[in-house]
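Student: Could we go through this model together, asking what stands behind each label?
Tutor: Gladly; let's take the labels one by one.

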Amino acid sequence: QVQLEESGGGLVQAGGSLSLSCTASGRFSTVGMGWFRQAPGKERRFVAAISWRGDSTYFADSVKGRFTISRDNAKNTRSLQMNSLKPEDTAVYYCAAVLGGYCSDYGCFAAPSKYDYWGQGIQVTVSS
């Protein structure tokens with residue numbers, strides 16, 4: 001069982017930055033991790049992911065060049081650095097874990113159904 005907890009959300013002005021963290025706890029060997037977001041009235045959408053080895057990262061076109069994803073294995077933490085934020089980035093952000101090397105390409109990491117565990121989500125609001 002893996003438990004995920006997001007932190008770092010909040011309110012920021014357009015053009016600003018926020019860093020989200022996702023800390024994993026529980027019994028697991030290796031996990032790839034993804035970030036998704038869901039705006040009110042919209043479906044949950046892929047944002048970014050990092051493979052369990054940390055050697056591959058994936059980003060949605062809407063955030064490419066503005067967001068980065070990194071990991072700290074010692075702390076079991078994956079972080080999403082969000083720069084040049086826009087009002088359309090406003091959403092509840094979720095981190096999710098996929099066990100082992102199950103996913104190895106964008107299509108897999110971008111599919112919510114592939115993930116085994118989810119955090120509860122954290123609000124990010126970007127004001128114009």
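Student: In what sense do β4 and β5 pair, and over how many bridges?
Tutor: They pair in the antiparallel sense over five bridges. Two strands pair if DSSP finds at least two bridges between them, so five bridges meet that condition. Strands here are DSSP runs (E, at least two residues), numbered from the N terminus. One word on the source: this is a predicted model, where local features need pLDDT of at least 70, side-chain atom pairs count only at pLDDT 80 or more, and totals for chains, interfaces and linings use all residues. Residues are numbered from 1 along each chain as its sequence is written, and side-chain values use heavy atoms, with hydrogens and water left out.

Student: What makes β4 largely enclosed?
Tutor: Seven of its eight residues (31-38) are buried, so the rest of the structure largely encloses β4. Buried means under 20% relative accessible area, exposed over 50%, and partly exposed in between (1.4 Å probe, protein chains only). Strand β9 (residues 91-99) runs antiparallel to β4, joined by eight bridges; there, Val 31 has Leu 99 as its bridge partner.

Student: Why is Ser 51 called buried?
Tutor: Its relative accessibility is 8%, and the cut-off is under 20%, so Ser 51 counts as buried. Ser 51 lies in the loop between β5 (45-50) and β6 (57-59).

Student: How do you know that the side chains of Ser 51 and Asp 55 make a polar contact?
Tutor: The distance is 2.8 Å. A polar contact is a pair of N or O atoms within 3.5 Å; within protein, one must be able to donate a hydrogen and the other to accept it, and residues adjacent in sequence count only if both atoms are side-chain atoms. The 2.8 Å value is therefore inside the limit.

Student: And why is Gln 13 called exposed?
Tutor: Gln 13 has 61% relative accessibility, so it passes the limit of over 50% and counts as exposed. Gln 13 belongs to strand β2 (residues 10-13). Leaving aside neighbours within four places in sequence, Gln 13 is in contact (heavy atoms within 4.5 Å) with Val 126 and Ser 127.

Technical notes
Helices (H or I, at least four residues) and strands (E, at least two) are DSSP runs, numbered from the N terminus.
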